[in-house]
Amino acid sequence: MLKGYRNEPFTKALTDLVNKYQPEIVLLGATTMGRDLAGTVATTLQTGLTADCTELRIDPATRALAATRPTFGGSLLCTIMTLAYRPQMASVRPRVMAMPALQPGKSGEIVEDTLGMVETDIVTKLLDFIPDANRNTVNLAYADIVIAGGKGLKNAENFKLVWELARVLGAEVGATRAVVQAGWTEAERRVGQTGKTVRPKLYIAAGISGAIQHRVGMEAADCIVAINNDPNAPIFDFAHYGIVGNAMQVLPELTAALRSHLDKRIRKAARASPGQR
Ligand SMILES: Cc1cc2nc3c(=O)[nH]c(=O)nc-3n(C[C@H](O)[C@H](O)[C@H](O)COP(=O)(O)OP(=O)(O)OC[C@H]3O[C@@H](n4cnc5c(N)ncnc54)[C@H](O)[C@@H]3O)c2cc1C
């Protein structure tokens, strides 16, 4: 079994498997490792790779994989088909696609194979894995609630209002590129085309204009609440709920109201089961 990611043996393993089983389509997650691996596998196999896709389907006319991804700085979506080479390869960012409903009765086949590689043949050795102790573990992609702030918050001090609301709701904090560039929060919190793709149940966007490059990273949220003082801000075109107002007033009021609501629920639950701690 392959352990400890290194590009060279993983590329060899996957290209050997592709050459043996001749699949029509090879899909990888556009994670840090997936991005690294997809490029070298496609290059070794001399085939096309459509990276960072947001949609995949089969084109009925050609039976080819139609892979859609943002292009031209995110202002357009393009659909790419690999017609002349096989396999057709694509990578998809985590969480950009909804989990499909379970189809009872359908099953796949897992084929186990021996890769015929020995550790001593591999030039790159993995001596140890030392996680970065200072790394802030931001878990945006899998968060159920994301509170995100934009440049409309004006400064780093006001951006703390986003953190306060997030703390009350047990949410993750997200940001626009403009906020990250201003240094109000770390790069791992950037949502959008060049940042994370999120799919939470609730996304609260405070002082965010809703530029396409931000939108592609969060529009799949089940419920988007936008707070913006400009009623014509583009974010109101796709938000489910909109609050036209000053985020520096709305955020603390929302935080206080939700805190009091949650406190009441906790007290009620404690009264209902007095024996439990
Ligand atoms: C190649 C490329 C890639 C990019 N990738 C990303 C990406 O991954 N993620 C991303 O986010 N951006 C990305 N961008 C940048 C993107 O185009 C926008 O510039 C950015 O998203 C804007 O951030 P913002 O909404 O915080 O700021 P602004 O566009 O400045 O919007 C601020 C908003 O706050 C509102 N506002 C002002 N004052 C208040 C107030 N008091 N209360 C409430 N609202 C207020 C304003 O009406 C405005 O709508 C990318 C751009 C390019 C060219």
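Figure 1. Asp52 counts as partly exposed because 18 other C-beta atoms lie within 10 Å, where a residue is called buried if 20 or more other C-beta atoms lie within 10 Å of its own, exposed if 12 or fewer, and partly exposed in between, with C-beta atoms placed from the backbone. The model shown here is predicted, and for this reason local features need pLDDT of at least 70 and side-chain atom pairs count only at pLDDT 80 or more, while totals for chains, interfaces and linings use all residues. Residues are numbered from 1 along each chain as its sequence is written. Asp52 sits in strand E2 and, although it is not a glycine, has a positive phi of about 60 degrees; helices (H or I, at least four residues) and strands (E, at least two) are DSSP runs, numbered from the N terminus. Gln46, also not a glycine, has a positive phi of about 55 degrees and is found in the loop between helix H2 (32-45) and strand E2 (49-53). Gln46 is exposed because it has 7 C-beta neighbours inside 10 Å.

**Figure 2. Leu127 in its loop.** Leu127 belongs to the loop between strand E6 (88-92) and strand E7 (145-149), and it counts as exposed because 6 other C-beta atoms lie within 10 Å. From C-alpha to C-alpha, Leu127 and Gln46 are 32 Å apart in space, and they are 81 residues apart in sequence.

Figure 3. The bond from Arg86 to Pro87 is cis, with omega near 0 degrees, and Pro87 itself is found in the loop between strand E5 (76-80) and E6.

**Figure 4. The largest nonpolar core.** This core has 35 residues, of which Ile147, Ala148, Val162, Tyr203, Ala205 and Ala206 touch the most other members; a nonpolar core is a set of buried Ala, Val, Leu, Ile, Met, Phe, Trp, Tyr and Cys residues joined through C-beta atoms within 7 Å. At least two residues of this core come from each of E7, helix H3 (156-169), strand E8 (172-175), strand E9 (202-206), E10 and H6, and the largest share, five residues, comes from H3. Apart from this core lies another, of 14 residues, including Leu14, Ala38, Val41 and Ala90. In soluble globular proteins, nonpolar side chains tend to be buried together.

**Figure 5. Helix H6 and what covers it.** H6 has 26 residues and reaches 37 Å from its first C-alpha to its last, close to the 38 Å expected at 1.5 Å a residue, the expected span being 1.5 Å times one less than the number of residues. The buried residues of H6 are Ala247, Val250, Leu251, Leu254 and Thr255, and what covers them includes H3, E9, E10 and strand E11 (241-244). Ala206 touches Ala247 and Leu251, among other residues, where two residues are in contact if their C-beta atoms, placed from the backbone, lie within 7 Å.

**Figure 6. The shell around the ligand.** Of the 30 residues around the ligand, Gly150, Gly152, Thr176, Arg177 and Gly192 come nearest; a residue is near a molecule if its C-beta atom, placed from the backbone, lies within 6 Å of it. Helix H4 (177-182), helix H5 (212-218), strand E10 (223-228) and helix H6 (247-272) each supply at least two residues of this shell.

Conventions:
Lists of a residue's contacts leave out its neighbours within four places in sequence.
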